[in-house]
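Subject: A structure for you to look at

Hello,

Here is the structure I promised to hand over. Please open it and keep it beside this email as you read.

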Amino acid sequence: MALANHAVTAEILKSIEFQLGASAGTLGTFAAHLYDGCPADALAPYTAQSLAQLARGAFEFLGEKRPGRHSIRTRRATLRSDGDDQPLTVIEIVNDDMPFLVDSVMGEIQARGLAGRLVMHPIMKIRRTASGALDGILGPGDRNWGDGTQESFIAILLDPLSDNIARELAETL
C-alpha cells in the first residue's frame, strides 16, 4: 500500500513540476519538498495547475525571512477539483526549525473550532543572505536543528475565513 501511495504521489509531483515549467529551479525544488510528504489521496482531487499555483504563492512567501524571526501570513487561494473551484484560507509560517511547531499551531487552530483540510510541513536546509533573502534550498532537513540552516515551512489549508478571523489567527500564532 505504501509503495502504491508513493507511486501516485510521484506522478502528481511530475505533473506539478510540468506545470511549473522547465526553468522552475529552486521553485521546483521547493514544490517537491512541499508536497512530498502529503498523502496521494489528499493531493489527487486537485489539478496539477492549481497545486503549482499554490506552491508558487508559498515560494514567494519563503523568499524573505528576517534572521532569528518567524514569518506568518494568511492568504486566500483556490484549488480546482473536478471543474469545481474550492476557495480556501491558507496559513503559512516560516520559522527556524524546532520541536513541536506544528503541534502548537494545530492546537491553536483546533481551539478555535477549525480543522485543516491539508497540512504541509517540509523541513529544509535553507541558505539565506545576511538580510534574510532566500539564496537556495540545500536539501531536506535532518535532526541537526541547531546548525542555523534548517527551517520549517508550515502551510495549512482551511475552509475560507473572514479577513478579521484570519488576521486574529495570524496575530495569535
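Below is what was found in it, from the whole chain down to single residues.

First, the ground rules. This is a predicted model, where local features need pLDDT of at least 70, side-chain atom pairs count only at pLDDT 80 or more, and totals for chains, interfaces and linings use all residues. Residues are numbered from 1 along each chain as its sequence is written, and side-chain values use heavy atoms, with hydrogens and water left out.

The whole chain

The protein chain has 6 helices and 6 strands. Both are DSSP runs, numbered from the N terminus: helices are H or I with at least four residues, strands are E with at least two. Starting at the N terminus, the order is α-α-α-α-β-β-α-β-β-β-β-α.

The C-alpha trace spans about 40 × 35 × 30 Å along its principal axes. The radius of gyration is 16 Å, which agrees with the value near 16 Å for a compact globule of 173 residues. That radius is taken over C-alpha atoms, and the globule rule is 2.2 Å times the number of residues to the power 0.38.

Of the 173 residues, 43% count as buried. Buried means under 20% relative accessible area; exposed is over 50%, and partly exposed is in between (1.4 Å probe, protein chains only). The accessible surface comes to about 9,300 Å², and 52% of it belongs to carbon and sulfur atoms. These areas come from the Shrake-Rupley method with a 1.4 Å probe; for residues, only the protein chains shown count as cover.

Now contacts, meaning heavy atoms within 4.5 Å. Take those with a separation of 6 or more: residues 24 or more positions apart account for 69% of them.

The aromatic cluster

How many aromatic pairs does a search of the whole structure find? It finds 2. Rings of Phe, Tyr and Trp (its six-membered ring) pair if their centres lie within 6.5 Å; planes under 30 degrees apart are stacked, over 60 edge-to-face, and the rest tilted.

Phe 30 and Phe 59 have ring centres 5.8 Å apart and planes at 45°, so this pair is tilted. Phe 30 lies in helix H2 (residues 26-36) and Phe 59 in helix H4 (residues 48-62), so the pair ties together parts 29 residues apart in sequence.

Phe 30 and Phe 153 have ring centres 5.3 Å apart and planes at 85°, so this pair is edge-to-face. Phe 153 sits in strand E6 (residues 150-158), so its pairing with Phe 30 in helix H2 ties together parts 123 residues apart in sequence. Phe 30 and Phe 153 are both buried, and Phe 30 has a relative accessible area of 0%. Together, Phe 30, Phe 59 and Phe 153 form one aromatic cluster.

Ala 40 is in helix H3 (residues 40-43). Ala 40 is buried, at 5% relative accessibility. Its C-alpha atom is 33 Å from that of Arg 69, 29 residues away along the chain.

Leu 43 is also in helix H3. Is Leu 43 buried or exposed? It is buried, with a relative accessible area of 0%. Beyond its neighbours within four places in sequence, Leu 43 contacts Ile 12, Tyr 35, Cys 38, Leu 51 and Leu 118.

Lys 125 lies in strand E4 (residues 123-128). Lys 125 is buried too, with a relative accessible area of 9%. Leaving aside neighbours within four places in sequence, its contacts include Gly 136, Asp 142, Asp 147 and Gln 150.

Best wishes
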